[in-house]
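Please read them with the coordinates open.

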Amino acid sequence: MPDPLNCRELVELVTDYLEDAMPPAERARVEAHIATCDGCDAYLIQMRETIVALGTLPADPLSREAEDELRTAFRDWQAGQAPQP
Amino acid sequence: MDLVRQWSPSMLRVARMYVPSQAVAEDVVQETWLGVLNGIDRFEGRSSLRTWVFSILVNRARTRGERERRTIPFAALAREEGEDGFEAVDPTRFVSSGSDIGAWASPPVRWWEEPERALDSAEAVARIQSEIDKLPEGQRLVITMRDVDGLSSEEVRSALDISETNQRVLLHRARAKVRKALEDYYADA
């Protein structure tokens, strides 16, 4: 039976856990700890919610002018790719 | 053009971290797409198209940032940014002695069980954004590309030319800080 993790150790493993970047035995230790620890369970859920929240940050689209210029460039490029008559 | 519309907002956000203004970032994104068109014959399909496009973007943004004197050396990206002994959670929140050493002394609370502290999303978003703006460059790039823009770890690793482990360390630190910012936000709410 490997040494159980404590909470302070566990919080440093959360990213490896979520990234699935740990050996199965280590993963089992993490899961065994979380199963019996409300604090770490809450921490993990907070982390997942943080990641979800990060995904909601708004992004600016390209300006109209820039998009129009690119549209023209794409059209010219496609015309250049077409077989010459 | 669908891809242009789909990817450009993320590309702008990444470019903006290297160059001093939104206008220059737009230039970089435009140049990148033109470069993609001209070089598509050289795309060998060894990585995903998105990885390839973001690699071109990062290289162009870096070159442009150098010209505008706002560059991040790759070496600096790869370093763990002067945070020796980084801890994801303030050590005073854990029991410091006795048989319970390392256990939570002040455990995190479940946000969703406290509906009275319901998240005002505009405010939380502002809080997250300001925390991201404060991160060291490498952490800021990695968390933005991974969690904000949804690129895979492989895509981020290739575009930034850093190791998988390094990518994960930067992500770990960045996420820990944003989580803390949100926790503080809920505690104040």
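1. Start with one helix pair in chain A: the axes of α1(A) and α3(A) cross at roughly 35° and come within 11 Å. Axes here are lines fitted to C-alpha atoms, for helices over the stretch in contact, with angles running from 0 to 180 degrees between N-to-C directions. The crossing of α1(A) and α3(A) is right-handed; a crossing is given that hand if the near helix is turned clockwise from the far one by less than a right angle, and is left-handed if anticlockwise. Helices are DSSP runs (H or I, at least four residues), as strands are (E, at least two), and they are numbered from the N terminus.

2. Which residues make this packing? From α1(A) come A:C7, A:L10, A:V11, A:V14 and A:L18, and they meet A:G39, A:C40, A:Y43, A:L44 and A:M47 of α3(A). Contact means that the C-beta atoms of two residues, placed from the backbone, lie within 7 Å. By class, the contact of α1(A) with α3(A) has nine nonpolar residues, one polar and no charged. The classes are: Ala, Val, Leu, Ile, Met, Phe, Trp, Tyr, Cys and Pro nonpolar; Asp, Glu, Lys and Arg charged; the others, Gly among them, polar.

3. On provenance: this is a predicted model, in which local features need pLDDT of at least 70 and side-chain atom pairs count only at pLDDT 80 or more, while totals for chains, interfaces and linings use all residues. Residues are numbered from 1 along each chain as its sequence is written, and chains are lettered from A and ligands numbered from 1 in the order in which they are written.

4. On confidence, the predictor gives the complex an ipTM of 0.87 and a pTM of 0.86. Chain B has a mean pLDDT of 86, with 87% of its residues at 70 or more; pLDDT is the predictor's confidence in each residue, from 0 to 100. Where pLDDT is low, the predicted coordinates should not be read in detail.

5. Chain A has four helices and zero strands. Its radius of gyration is 24 Å, whereas a compact globule of 85 residues would have one near 12 Å; the value is taken over C-alpha atoms, and the globule rule is 2.2 Å times the number of residues to the power 0.38. The C-alpha trace of chain A spans about 75 × 30 × 15 Å along its principal axes. Of its 85 residues, 22% count as buried, that is, with 20 or more other C-beta atoms within 10 Å of their own; exposed means 12 or fewer, partly exposed is in between, and C-beta atoms are placed from the backbone.

6. Chain B has eight helices and zero strands. Buried residues make up 37% of its 189 residues. Of the contacts in chain B with a separation of 6 or more, 69% are between residues 24 or more positions apart.

7. A:L57 lies in the loop between α3 and α4 of chain A. Leaving aside neighbours within four places in sequence, A:L57 is in contact with B:V125, B:I128, B:Q129 and B:V148. A:L57 is partly exposed, because it has 16 other C-beta atoms within 10 Å.

8. Most residues other than glycine have a negative phi. A:D20, in the loop between α1 and α2 (24-36) of chain A, has a positive phi near 55°. A:D20 counts as exposed because it has 8 C-beta neighbours inside 10 Å. B:D161 has 12 C-beta neighbours inside 10 Å and so counts as exposed.

9. Is α7(B) itself enclosed or open? Six of its eight residues are buried, so α7(B) is largely enclosed by the rest of the structure. The buried residues are B:E155, B:V156, B:R157, B:S158, B:A159 and B:L160.
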